[in-house]
Amino acid sequence: NYLIKCLNFSSYLELGVATGSSWKQVDCPFKIGVDIELVETLRRQLNPPLPSPPDAITHLFPLTSTDDFFAKWRSKNKKIDIIYIDALHEKEQVKRDFFNSINILSNNGVIILHDINPLDEEGTNQNISGDTFAFWIELCDNNNNNFYTFKPPRDRSQFIGANDASHEDTVGIYTHNKELKKSLKKEYQHNLDHSFTFFDENREKYIKDRQVDFKTLVDLIKNR
């Protein structure tokens, strides 16, 4: 919400809505969330409640895969200011979601990647964070610039519950511009070590050294 307000963003896309814990907190004029299925608890909590199945839910929550969503959305020729990726926690799928997101991102838009910093090997279970961290390694090693990390204060996190100590809510941030899009590498070196052991030993390089606060992040985006 801070980014949306400070940068006057007007559109938000969330890939992987699940229970809607993040989506419900976002205050933006246009919001759309994509998931294979809409959890019934979220349907009931919407205000006003949406009937099942309503036309509106197709607009707000396309019940489809992220790949199919992007295939259909391109024809709309509508750009999105901020995109939050938290769908299937699998490296190759996250990679597709990321590059598909870039194609519909506004010129000064932002992509937020969840699940890049699993706390331990157990956290690499696909139901928790999967191997999303491996894609973050590739992005950082092959493109270097314009990739940052941010860790919100736990009591103000829009990504997990304030008292949930079992999850890590550091997110990866990509700040966009036209020139960067031209140079962004889609084909990566294949000799990179994607193991959790490697990531854990180099966590400072991929997470801590790239960490910025909100003000710095906003300034970076405004001054591109």
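**Note on strand β6 and its surroundings**

1. Strand β4 (residues 105-113) pairs with strand β6 in the antiparallel sense, over 4 bridges. Two strands pair if DSSP finds at least two bridges between them. Helices (H or I, at least four residues) and strands (E, at least two) are DSSP runs, numbered from the N terminus. Within this pairing, Val110 has Thr175 of β6 as its bridge partner.

2. This is a predicted model, in which local features need pLDDT of at least 70, side-chain atom pairs count only at pLDDT 80 or more, and totals for chains, interfaces and linings use all residues. Residues are numbered from 1 along each chain as its sequence is written, and side-chain values use heavy atoms, with hydrogens and water left out.

3. Strand β5 (residues 147-150) also pairs with β6 in the antiparallel sense, over 4 bridges. Here Thr149 stands opposite Gly172 of β6.

4. The open sheet has 6 strands in the order β2-β1-β3-β4-β6-β5, with mixed pairing. Its edge strands, β2 (30-34) and β5, each pair on one side only. Neighbouring strands of the sheet are turned by 20 degrees against each other on average, direction ignored. Axes are lines fitted to C-alpha atoms, for helices over the stretch in contact, and angles run from 0 to 180 degrees between N-to-C directions.

5. Helix α4 (residues 66-73) packs on the sheet and touches β1 (11-15), β2 and β3 (80-85); contact means heavy atoms within 4.5 Å. The direction of α4 makes about 140 degrees with that of β2. Helix α6 (residues 132-143) packs on the sheet as well, touching β4, β5 and β6, and its direction makes about 135 degrees with that of β5.

6. Strand β6 (residues 171-175) is largely enclosed by the rest of the structure, because 5 of its 5 residues are buried. Buried means under 20% relative accessible area, exposed over 50%, and partly exposed in between (1.4 Å probe, protein chains only). Val171, Ile173 and Thr175 point one way from β6, while Gly172 and Tyr174 point the other way.

7. The structure holds 15 aromatic pairs. Rings of Phe, Tyr and Trp (its six-membered ring) pair if their centres lie within 6.5 Å; planes under 30 degrees apart count as stacked, over 60 as edge-to-face and the rest as tilted. The pair of Phe98 and Tyr174 is edge-to-face, because the ring centres are 5.3 Å apart and the planes stand at 75 degrees. Phe98 lies in helix α5 (residues 91-104) and Tyr174 in β6, so the pair ties together parts that are 76 residues apart in sequence.
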